[in-house]
Amino acid sequence: MESEDLGRKGTEESAAPNAIVNLAEDPKLAGEGVKDPGRSFMSICKSLVAGGVAGGVSRTAVAPLERLKILLQVQNPHYIQYNGTIQGLKYIWRSEGFIGLFKGNGTNCARIIPNSAVKFFTYEQASREILWLYRWQSGNEDAQLTPVLRLGAGACAGIIGMSSTYPMDMVRGRITVQTDKSPRQYRGMIHALATIYREEGFRSLYRGWLPSVIGVIPYAGLNFGVYESLKDWLIKTNPYGLAEDSELNISTKLACGATAGIAGQTFAYPLDVIRRRMQMVGWKDAGTIVTGQGKSKAPLEYNGMVDAFRKTVQNEGFRALYKGLVPNCVKVAPAIAITFVTYEATKDVLGVEK
């Protein structure tokens with residue numbers, strides 16, 4: 001950490017948002033001796049790299065389960081091909097081979113690396129600024145972030161990260177569900193982006209954005225908040241001697257990440273199902289993929305998020321909101337755990353300041 005004088009200098013160059021309070025110009029700041037959480041440009045770049053590496057590694061590790069989850073979420077109930085986790089993975093293997101298990105992973109990594117980089121960077125920056133403001137307002141230089149403040153920082157990070165790369169997520173969803181038998185083939189991310197823009201318009205690239213934003217709040221908020229709170233609690237209480245020199249071992253960090261991931265993902269899962277189904281709407285060549293209405297096998301059109309919820313429950317029952325939950329639960333624990341552990345390990349390798 002930089003000295004207090006250097007910290008104040010960094011703050012004057014990049015103050016907190018004026019909408020909250022101009023901390024750099026407030027005369028109380030120097031008098032109360034609140035330390036500035038400013039960071040060097042190189043440290044920020046290293047955090048971005050660490051976040052991108054963590055996202056790419058974790059998504060690749062669970063790519064087969066991620067693809068199966070999406071196929072279960074959007075498949076037509078009148079044309080069942082995937083019926084459970086084991087059967088679904090076997091079917092993909094038999095019909096498309098080993099490469100089929102990783103279809104869409106290249107696009108996912110291209111999306112998740114900048115997404116994770118922006119998300120982790122935003123979370124750390126937001127946490128530092130919020131902590132600085134919290135200490136300044138409370139007058140307690142040793143104050144720490146509360147779980148509520150951590151949840152807020154996590155939610156902001158998730159929304160900004162998701163919104164910045166949402167068209168890539170839209171494209172990834174469609175590439176993931178297409179098979180060799182699909183009548184229309186996207187040849188890759190760029191071709192898919194151009195085709196959707198040309199045939200369906202710019203707004204279609206953000207179809208399903210609203211449930212994504214709403215889902216990010218509990219998902220990302222609980223994800224970051226639960227992980228950080230669990231980690232701090234274990235360090236402070238040190239049950240069973242899990243912490244050594246105020247640090248947790250890798251296995252304990254893995255367990256914290258898994259718990260955080262399951263909590264956030266399960267709570268927001270119905271919104272994820274609705275998001276995926278809304279992304280498929282307008283894809284005229286995906287009649288066997290997109291959910292049909294009632295007894296019809298025709299693709300279903302949604303007039304918005306609420307309409308999508310209503311028609312999904314009306315036509316398929318409440319359980320349809322949790323289609324694909326089993327492979328999702330199987331994958332979410334290692335995915336999130338690997339993300340956080342890889343992130344912290346990469347930061348250590350790069351020498352990022354704590």
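**Entry 1: H11 against H13**

I began with the pair H11 and H13, whose crossing is right-handed. This is a predicted model, and I read the entries below with that in mind. I then looked up the geometry of the pair and found a packing angle of about 135°, with the axes of H11 and H13 7 Å apart. Angles of 65 to 115 degrees count as roughly perpendicular and those over 145 as roughly antiparallel, so H11 is oblique to H13.

For the contact itself I noted, on the H11 side, residues including Ile-250, Leu-254, Gly-257, Gly-261, Gln-265 and Tyr-269, and on the H13 side residues including Leu-325, Cys-329, Val-332, Ile-336, Phe-340 and Glu-344. Sorted by class, the contact of H11 with H13 has 14 nonpolar, five polar and three charged residues.

**Entry 2: H4 against H11**

Next I turned to H4, which packs on H11 at an angle of about 70°, with the axes 9 Å apart. That angle makes H4 roughly perpendicular to H11, and H4 passes H11 in a right-handed crossing. From H4 I listed Glu-66, Lys-69, Ile-70, Gln-73 and Val-74, and from H11 Gln-265, Tyr-269, Asp-272, Val-273, Arg-276, Arg-277 and Met-280. I counted the classes for the contact of H4 with H11 as five nonpolar, two polar and five charged.

**Entry 3: the largest cavity**

The largest cavity has a volume of about 490 Å³, and of the 29 residues that line it, Arg-59, Tyr-219, Gln-265, Asp-272 and Arg-275 are the closest to its centre.

By class, the lining of the largest cavity has eleven nonpolar, seven polar and eleven charged residues.

**Entry 4: the second largest cavity**

For the second largest cavity I noted a volume of about 100 Å³. Its lining is made up of Arg-59, Ser-116, Lys-119, Phe-120, Tyr-219, Ala-220, Asn-223, Phe-224, Ile-336, Thr-339 and Phe-340. Arg-59 and Tyr-219 were also in my note on the centre of the largest cavity, while Ile-336 and Phe-340 were in my list for the contact of H11 with H13.

H6, H10 and H13 each supply at least two residues of the lining of the second largest cavity, and H10 gives the most, with four residues. I divided this lining into six nonpolar, three polar and two charged residues.

Terms used. Residues numbered from 1 in each chain as written. Predicted model: local features only at pLDDT ≥ 70, side-chain atom pairs only at ≥ 80, totals over all residues. Heavy atoms only, no water. 1 Å grid on protein atoms, 1.4 Å probe; cavity = no way out; pocket = protein on both sides within 12 Å on 5 of 7 lines; lining within 4 Å. Points joined across faces, edges and corners; volume = space filled by probe spheres on them. Nonpolar A, V, L, I, M, F, W, Y, C, P; charged D, E, K, R; others polar. Axes fitted to C-alpha atoms, helices over the stretch in contact; angles between N-to-C directions. Parallel < 35°, antiparallel > 145°, perpendicular 65-115°, else oblique. Left-handed = near helix turned anticlockwise from the far one by under 90°. Contact = heavy atoms within 4.5 Å.
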